Structure formats: structure tokens, C-alpha cells
Amino acid sequence: MSNKILVFLEQRNGQIKKSSFETAKTASDIARHLNYEIEAISVGAVIENVAETGRYGVNKVTVFSNSTLANYSTSAYSELVAEYAKETDADIVFFSNTSMGKDIAPKVSIKLNAGTLMDCVSLDISSGEIIATRPVYAGRALIEAKITSAKKVFTLRPNVFNIGQTGDTQAEVVIKEVAVPNLSNKVIEIKKSEEKLDVAEADIIVAGGRGLKGAENFHLVEELADVLGAAVGTSRATVDAGWRPHSEQIGQTGKTVSPNLYIAVGISGAIQHIAGMSSSKCIVAINKDKDAPIFSIADYGIAGDVFEVLPALIEEIKRAKS
Amino acid sequence: MKIAVCVSHAPDTATKIIIGPDNKMIDPNGVTYAINPFDEYAIEEALRAKEKLGCETIAISTGRTANKESLRKALAMGIDNAVLLRDDAERDTLSTAKALAEEIKTQSAELVFFGKQSVDYDNSITGQLTAELLGYNCVSVVVDFKLDGNKIIAEREIEGGREVVETTLPAVITAQKGLNEPRYASLKGIMAAKKKVIEEKPALESENAVEILKMKKPPMKHAGRILGTDKSSVGELVRLLKEEAKVI
């Protein structure tokens, strides 16, 4: 046991993501309480805001750098992280449960012979070891679990762990040039989707369902999302009907989200949909059917016609914002 | 070349989840189990590769005898053979991956498909763990897959778009919804699947690295207020979002 924690910081376009700072802050709080040392690692080409990690309690970051590593490579990234974890004898490695985190964490865990707990939503260290809580069955149940192997890998769900108070310390950044990265698996292109904002990363989501009656009426949902700076989400029914892309689907066979505000428009609230969004902090439901299950988990509801309520709501929010 | 597809037998997504008496797992009584929905995309993609390359396909599952139902579904859709790695114990993802990797090695399958996650424990890593144990390349959460000789071009879903990944065989691909439209099993396929013998052998035993201490229901969200039945409530709603919930 070396009592060391390593945090992986995910960069996209040369910027460390907010979810990585959440993970860094959570891991540094744990390190302080359990008396562990902590440092961070990132992989990329040029990373601009990496020193900011110091504000979240992690004072040293090692960046493995090569111009070919600007985009993600499963093979190169996982090798570099695992090798550094071995070199520093880290016992615990933290990742964010993002699309990159979910891909790299299991690779690193095998290389380290570590057990893995994915998508943790809270970590309890009162017993001196880490007991993680994570959703199972798409959030219809939670488990409390611990890793019994000596080396441990955790991924933390984005947008759940509070960043809280931050300092203004800048982290010491050590840049290590990678001579020949293993690019047996590499990203050759990134195709940006047409949606401006992804539901997995949005603070506010406006989700439209079958109650919109057709793809042609989704402009109402998009307009409301626009005035709120929100992402557009949807239910499985509209994806299966071909009205909306699967990347917007929220629920058991779509994405699980926990934004600050979730506005469900014309969504009845099937159990599979609720599983994907019930951990949202504030839920608003607009649906004609006052008995729709969505109202049983909504903080505020309007049991009215979406075609009447939505335009009025868009105007009211515009007024409130101006 | 042989293609394998790994199949999980999971509670139907519409099933009500009740915590079992030991407070560590669900009560299986009254739960309908079915093939993990993401595995159907994996099977479909395996079948498309088979049709293109004319090679053999095998479905593999690890767990209890009941898993044969999902293996039979794979056979009915058109997979050639199936094997159940019998294991009655509760296994974590690492232990499951070790058993699957061992069988994939035995079968010398060079292209392996998984669903991107199983809708029970939602870990979404069994495919990646298995790939790493085998030393195979891996692309997870795939929505587009092309194989040209030894070369793979696959698109994986990420936040706000897709990554186009280039890699080579041998490889593990985990399938996301949208990758394809899974076929329905034909009556002929269902009849033929009934007659097929599913090979059964003990799963490789290995220790779990994760211990579940407790399973519980998530805190219930209380039903809130219905503010009204028409647009006259919109002003009140915006006020509450601003002043009470403080979210806009």
C-alpha cells in the first residue's frame, strides 16, 4: 500500500472537462480524509486549463503529450494511464463516468488487476474504506458496494458530485512527451451532431414525447430549449417512431441524466423513461392527462394541452429573462 | 474466422423491481427475464458479418440454465451454435469477463460482439474487460460498423457526436441502439433453434473483486403540485422555477 490516489482528467479539444474537475474535487476530499496522497494525469496534445486542477485540491498533474494524442485512443490512453499508475504505485484510480471514462476505466482496471465500480453517485468513507453507491436496473434500485481487490478503479457520474468551494491554487504541471504512442486503436474523425447541446452534459433538459403528436411539432420543444439554453431530450416512443434521433433518448435504453431542471412535455412517464431522469433535481411535467405517471415524480405540473401551454411558457420565460 | 456474440439474460425493462429478502439482490419471483435489449443489436451485427464473410457464428452466455432462453433467441435469429457457461453463483463483471474470455479463446473467435451494457447491473464494461483480457482491440458503444479485410472502421457515440475509430481484428465491438434494426426470428428459425443442442459446460471460476453490501430502493420523489390545467398557470410556474426551485 502506497496510499496514493490517481485521478484521470479527460480533455476534449484541449480543455479539461467540468466532470473531471468534479471527480478531482471528490477524490481530493477523500484523499484528505483517508490521508492519501493524490495526483492527476491527463493525455492529449496541448491542454490549456490543466493547471486549474489545483483549484480542486489536486496539486500535481502529469500530462502525457503527443500531437497524435489530441483525440482519444483507447490503446494509447489506457496504456499511458496504467503505466503511470504502476510507476506511482497508485492504489485507487478515479475516472468520470463519461463515454471516454466508460471506455478507458475497464482497460486500465485489467492492466492493474483492479476491481471496478462504475457510475458511482455517492462515496462513503466513514468506515475508513470506500463504500460506493451506484444505481442498478436503470436507477430502479441502488447498491452499496466495495472493491475487495488491493487496486481499485471507480468512475463517478457527472453532474452529481458537488464541486463546492474551490481555491485559487494552480497545480504543478509536468509535461511528458510520448515518443511512440500505441495507436492500434485511434479516432480518425469526430462527427459533431446537429444538436447544440448533449443531454448527458446539460444543466437543463426539455424533453418532448408522443404528446407532441408528430415530428413537425418538435419546434415547440426546440424553442423552449433555446430560450432556456437547454438540451432537447425525448422518449423511446418518438425514437422508435423515427421522429427524433436515438442520441436524444432518455431512459433505460437511452441516456440516464440528472440535470438541475427537467421539463417533460407530452411524456406520460413510462417506467423505463422515469428510470433515466428521476434523479433530476427539479422536474416539471406538462401533459393533458392528469393521471399520467410523470406527475407522480414531478415537482410542478400543468395538466393541460401542450399546444396551448408551450407557446405561453416560451413567452413567459422570454419575459422573465429580459 | 469465427464470430462470437455474448448474450446476457436480464429482467425485462418493464419489470417492477422488488428487493429480495437478503437486501442484496432483487427478488426474482414474478420477474420476466428476456434477452438484454442491446444484445439484439450485437446479434444482428454478427449475422450481417456472417452473411458477408460466410463464417461461423456462436452465441455465448454465462450464468444459470434459464440463460438458454436468450441463447435460443440468438439461434432463432440465425446464430449457428450456442454455449452456456454454467454458473449458479453471483458473479461480478470481472469474473464474468474472465469466463467469457476463456471461452472466446477456446473458440478462437476473432470478432466478438456484445451489447453495450446489460440492463441489470448497468456496468457497461463487460465487453471492454473481455477485450483487454484477450488482448483484442475494442470499440465500445458502436452505432456504425464496417469491416474491410482486417480493418475496422467503427463509429462510437460520445457526448455531442460520434468518434470514428480505426482499428484491426481481432476485436470486441459493443453495440448501441441505432447500430442496426435487429431482424425478427422467422418461424423456420424458431423451429430450427428448438432442435439445436446448446452446449453446456462449467464457467471458469474466479474470485469476485466487488462485494455488494446492500441493495435498496432509491429515495422516492414525492409528487409535487399540479398548478393548473391551462396556460393561465404558466406565470406561476416560471415564478416557482425562479424563486422556489432557483433553477432558471
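Two strands are taken to pair if DSSP finds at least two bridges between them. The model described here is predicted. In chain A, β8(A) and β9(A), the latter covering residues 131-136, are joined by three bridges in the antiparallel sense. Within this pair, A:D124 has A:I131 of β9(A) opposite to it.

These two strands belong to an open sheet of four strands with the order β8(A)-β9(A)-β10(A)-β12(B), and the pairing in it is antiparallel. Its edges are β8 (122-124) of chain A and β12 (210-216) of chain B, each of which pairs on one side only. With direction ignored, neighbouring strands in this sheet are turned against each other by 30 degrees on average.

## Strand β1 of chain A and its partners

β1(A) runs parallel to β4(A), and six bridges join the two. Opposite A:L6 stands A:E39 of β4(A). β1(A) also runs parallel to β6(A), here through three bridges. The bridge partner of A:V7 in β6(A) is A:F94.

Because five of its six residues are buried, β1(A) is largely enclosed by the rest of the structure. As a general point, side chains in a regular strand alternate between the two faces of the sheet.

## Helix α2 of chain A

Helix α2 of chain A comprises the 14 residues 74-87; at 1.5 Å a residue the helix should span 20 Å, and the end C-alpha atoms are 20 Å apart, which agrees. Just after this helix, A:D89 adopts a positive phi of about 55 degrees.

The helix is mostly covered, with ten of the 14 residues of α2(A) buried. Among them are A:Y77, A:L80, A:V81 and A:Y84, and A:T74, A:S78 and A:E79 are likewise buried. The cover over the buried residues of α2(A) includes β1 (4-9), β4 (37-44), β5 (60-65), β6 (92-96) and α3 (99-112) of chain A. Chain B contributes to this cover through β7 (137-148).

One crossing brings the two chains together. On the α7(A) side the contacting residues are A:V309, A:A312, A:L313, A:E316, A:I317 and A:A320. They meet B:V234, B:G235, B:L237, B:V238 and B:K242 of α6(B).

Another crossing lies within chain B. The axes of α2(B), residues 68-77, and α5(B), residues 187-195, come within 7 Å and cross at roughly 130 degrees. That angle makes α2(B) oblique to α5(B), and α2(B) passes α5(B) in a right-handed crossing. Here B:R72, B:L75, B:A76 and B:M77 of α2(B) meet B:G189, B:I190 and B:A193 of α5(B).

## Chain B as a whole

Chain B contains six helices and 13 strands. The C-alpha trace of chain B spans about 65 × 45 × 40 Å along its principal axes. Of the 248 residues in chain B, 48% are buried. Among contacts in chain B between residues at least 6 apart in sequence, 71% join residues at least 24 apart.

Technical notes
Residues are numbered from 1 along each chain as its sequence is written. Chains are lettered from A and ligands numbered from 1 in the order in which they are written. This is a predicted model: local features need pLDDT of at least 70, side-chain atom pairs count only at pLDDT 80 or more; totals for chains, interfaces and linings use all residues. Axes are lines fitted to C-alpha atoms, for helices over the stretch in contact, and angles run from 0 to 180 degrees between N-to-C directions. The expected span of a helix is 1.5 Å times one less than its number of residues. A residue is buried if 20 or more other C-beta atoms lie within 10 Å of its own, exposed if 12 or fewer, and partly exposed in between; C-beta atoms are placed from the backbone. Two residues are in contact if their C-beta atoms, placed from the backbone, lie within 7 Å. Angles under 35 degrees count as roughly parallel, over 145 as roughly antiparallel, 65 to 115 as roughly perpendicular and the rest as oblique. A crossing is left-handed if the near helix is turned anticlockwise from the far one by less than a right angle, and right-handed if clockwise.
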